[in-house]
Amino acid sequence: MNAPFLYSQLVEDIAAAIACGSLAAGSRLPSVRRCAAERGISFNTVTMAYRQLEDRGLIEARPQSGYFVKSALGQPAQPLRHSPATITPTRESEQLVAMVLAAQAHGDHVNLALACPDGEHFYPADKLARLTAGLLRRQPGLVGRYALPPGPGRLPQQIARRGLALGMHLPPDDILITHGAMEALQLALRAVTQPGDTVGVESPTYFNLYPLLVSLGLKVLEIPTHPQTGLSLDALELLLAEKRLAAILAMPTVQNPLGCTMPLDAKRRLAELLRQYEVPLIEDALYAELQFGEALSPTVQSFDRDGWVMICASYTKTLAPDYRIGWLYAGRFAARVRELKFASSIAESALLSEAVGLFLEAGHYDSHLRGLRRRYAQNIDRMRGLIAAHFPAGTTATQPAGGFLLWLELPPQVDALTLFHAALAEKIVVTPGNLYSSGSRYRHCLRISCCHEMNERFVAALRRLGELAQAQASGGQPQIQ
Ligand SMILES: Cc1ncc(COP(=O)(O)O)c(C=O)c1O
């Protein structure tokens, strides 16, 4: 058979499989190499066919992951903040955070808000419990003293070893174990700012950063952030040139709530800007090991030569939120954060950090992470499919590069806070977009977590949420169930 025929045959076969649903939205196509081998055709023929399917809008190439059947659901294409702005958190925004947290306290509600895996398959609780108990039996003395530096070194060594996969060369002795990532962020901020200083953040950003920054007497400057490529470096460079920022706090790899990862060149340029303007970046890499791509995108820290990047993460999302084990490598500010840690909480539990260290050392973590990534990627595809089917026309949702968070932009007539209350009345909890910035910019947005078992109850809740949004979008009243 001649090549053009083989090529159009492959295009039509795949298009037909997509049309009849046997290749569902979000499913991955065989790699070019595998498809060529399976069909006994050339590499070029498959590449051409995949390109044509891409041009027809049926499939998409995801960086370092391969080709996927495209969902009918569009992605947000523009930042909703177009220029930087200083944010003044209000009493109202604090109350909003408190209200959403209180809503999550109801055990019988379906929680689409909580960014913490929920269900027995997400955490290796049994293995960790066995390791912790064994450690305590063998070394009861661990609980009888402070784990002051240099302290037990297993965990810092494992963190440094794992950092290599993200392009980092972190000296284990300079890795500080912290009380979750939140304490790491706090120590890093305190090391490089004074009350009254301004810190640049992405917009939208993780909502808990606002109370943290305000409690340290810091001003918050929101920087436009593209839903697919992250922080706008042009906007950032202007602010740096005007000397308006004492520090930047950002998530360049799998951002919360957008799920985006900055392209490699942008990360490199960001590291260069930090060096040029001598401004520290506090890089929150909490989700960096949950990237979906086969090759992990390196951190901004991996491009840093002069210690301007302070990087932190924790094991909250992948191992054990209750252990509260996080870490911070503070580059040129390492000595200062060590002093601050001593003054704030002295040290972390040696038992718990050693148990995490043992878990990592035993080699369980990579297979655990592979399982998590697979599960989250599936949940996200399933969730995007449900959103496409049940949410009002015009709704878009991000296609995250990792993690388990989806950011939705609903038609402008939908008010996310009204939707929050309507959903809460039906025992469904979501996080309204208003949490991720002050003001009304994100008032028609939602963040939804996909880190739960996607059972019938969960799917029914999402369907109902879509109906409630639909009723608002068409100006009607939702039917009471
Ligand atoms: C981006 C980001 N940073 C930090 C944290 C806090 O992490 P930890 O529980 O380890 O303090 C979270 C929790 O959701 C988060 O999403």
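## Helices, salt bridges and domains in a predicted model

In helix α6, the buried residues are L155, P156, Q158, I159, A160, R162 and G163. Buried here means under 20% relative accessible area, with exposed being over 50% and partly exposed in between (1.4 Å probe, protein chains only). Please keep in mind that this is a predicted model, in which local features need pLDDT of at least 70, side-chain atom pairs count only at pLDDT 80 or more, and totals for chains, interfaces and linings use all residues. Residues are numbered from 1 along each chain as its sequence is written, and side-chain values use heavy atoms, with hydrogens and water left out.

Let us stay with α6 for a moment. Because 7 of its 10 residues are buried, α6 is largely enclosed by the rest of the structure. The cover over its buried residues includes β5 (175–179), β12 (325–329), α12 (350–361) and α13. These helices (H or I, at least four residues) and strands (E, at least two) are DSSP runs, numbered from the N terminus. Neighbours within four places in sequence aside, R162 is in contact (heavy atoms within 4.5 Å) with E289, L360, Y365, D366 and L369.

Which residues of α4 are buried? They are L96, V97, V100 and A103. Seen down the axis of α4, these buried residues fall within an arc of 130°, so they line one face of the helix; the arc is that of the directions from the helix axis to the C-beta atoms. They pack against α14 (416–424), β15 (428–429) and β16 (431–432).

Now for the charged pairs. A search of the whole structure finds 22 salt bridges, each a side-chain nitrogen of Lys or Arg within 4 Å of a carboxyl oxygen of Asp or Glu. Among them are these:

| Pair | Closest N to O |
|---|---|
| E339 and R336 | 2.9 Å |
| E453 and R375 | 3.5 Å |

A network of salt bridges links E60, R62 and D381.

E339 and R336 lie 3 residues apart in helix α11 (residues 334–345), which means that they are separated by about one helical turn. E339 is partly exposed at 48% relative accessibility, and R336 is partly exposed at 37%.

The salt bridge of E453 with R375 links distant parts of the chain: E453 is in the loop between β17 (445–449) and α15 (456–473), and R375 is in helix α13, 78 residues apart. E453 is partly exposed at 25% relative accessibility, as is R375 at 28%.

Finally, the domains. The protein is divided into domain 1 (3–69), domain 2 (85–120 + 367–473) and domain 3 (125–365), with bounds that come from an automatic or database domain assignment. The centres of domain 1 and domain 2, taken over C-alpha atoms, are separated by 32 Å.
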